[in-house]
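Below is a brisk report on selected local features of one model. Please read it alongside the sequence and the coordinates.

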Amino acid sequence: AGRPEEVDAGRIKLNETLVLRRDLKAEAEGSGVLQYKPVGTRLSVLDTATKMITISDNTATNMIIDRLGGKAKLNQRFRSWGLQNTVIRNLLGDFKGTNTTSPKDLVRLSALLTNNKLLSDRSRSQALGIMRRVENRRLLPAGLGKGAVIAHKTGTLGVLLGDAGIIELPSGKRYLAGILVKRPFGDTRARVFISQVSKLVYGYLDQPKVTSSVSQ
């Protein structure tokens, strides 16, 4: 959400060009597609941010962190949003897990986004549109009923799996969900667990008399 916020303030243009530097490359399996592009590759801010969200491209994420002023500046911004556990300590891939967040922080960020506390209407719509295009559909989306729409962001480490987002039911009712699961390295039970919890929550909130946690 920090990217559209900077766009709203006029400090960053979506069509501005970013250049892939060697020190921003995250070269590891599952780190995305930009790691295979040559140093000097040029991408727009919008294309880079889209890759960051939709395919969790670690190099794209590093490029966005760099363009936004680096770790310290972003950590200050996170604190100003009331995110108590979200800290960037290292660029990606951070496979040792030094960067931290929490389900509470992820849901708070989703609430700020949903309730128009961070962005203009235009930037909010654009950010949610990108989040609806996340390619990993095996976590929270796997538990949703037909006609539901989710704007979300997944996270995957060998020992951790997570997903957080904004779900809209066909009735127009909306709720927020965030779940992180510690797991034995690569254990697929974490994926099954997240999808099952998502299904249970969706089934409960889809009942006619249940009110969602986020009112419109």
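## A cis peptide in a loop

G93 lies in the loop between α4 (71-80) and α5 (103-114). Helices here are DSSP runs of H or I with at least four residues, strands are runs of E with at least two, and both are numbered from the N terminus. The peptide bond that leads from L92 into G93 is cis, with omega near 0°.

## Basis of the model

The model is predicted: local features need pLDDT of at least 70, side-chain atom pairs count only at pLDDT 80 or more, and totals for chains, interfaces and linings use all residues. Residues are numbered from 1 along each chain as its sequence is written, and side-chain values use heavy atoms, with hydrogens and water left out.

## Helix α2 and the residue after it

Helix α2 spans residues 45-54. Eight of its 10 residues are buried, so the helix is mostly covered. Buried means under 20% relative accessible area, exposed means over 50%, and partly exposed lies in between (1.4 Å probe, protein chains only). The buried residues of α2 are V45, T48, A49, T50, K51, M52, I53 and T54.

S56 follows α2. Its location is the loop between α2 and α3 (58-67). S56 is not a glycine, yet its phi is positive, about 50°. With a relative accessibility of 23%, S56 counts as partly exposed.

N116 sits in the loop between α5 and α6 (121-131). Phi of N116 is positive, near 60°, and the residue is other than glycine. N116 counts as partly exposed because its relative accessibility is 35%.

## The aromatic pair

How many aromatic pairs does the ring rule give? The count comes to one. The pair is F78 with W81: the ring centres are 6.1 Å apart and the planes meet at 50°, so the pair is tilted. The rule takes rings of Phe, Tyr and Trp (its six-membered ring) and pairs them if their centres lie within 6.5 Å; planes under 30 degrees apart count as stacked, over 60 as edge-to-face, and the rest as tilted.

F78 has a relative accessible area of 13%, so F78 is buried. W81 is also buried, at 7% relative accessibility.

Strands β4 (residues 160-168) and β5 (residues 174-182) run antiparallel and are joined by nine bridges. Strands pair if DSSP finds at least two bridges between them. Within this pairing, A164 stands opposite G178 of β5. The two strands form a hairpin with five residues between them. In the turn, G172 has a positive phi of about 95°.

R174 belongs to strand β5. Is R174 buried or exposed? R174 counts as buried because its relative accessibility is 14%. The R174 side chain makes a polar contact with the side chain of E168, at 3.5 Å. A polar contact is a pair of N or O atoms within 3.5 Å; within protein, one must be able to donate a hydrogen and the other to accept it, and residues adjacent in sequence count only if both atoms are side-chain atoms.

## S195 in helix α7

S195 is part of helix α7 (residues 189-205). Its relative accessible area is 16%, so S195 is buried. Which residues does S195 contact, leaving aside its neighbours within four places in sequence? They are R138, L139, A142 and G143. Contact means heavy atoms within 4.5 Å.
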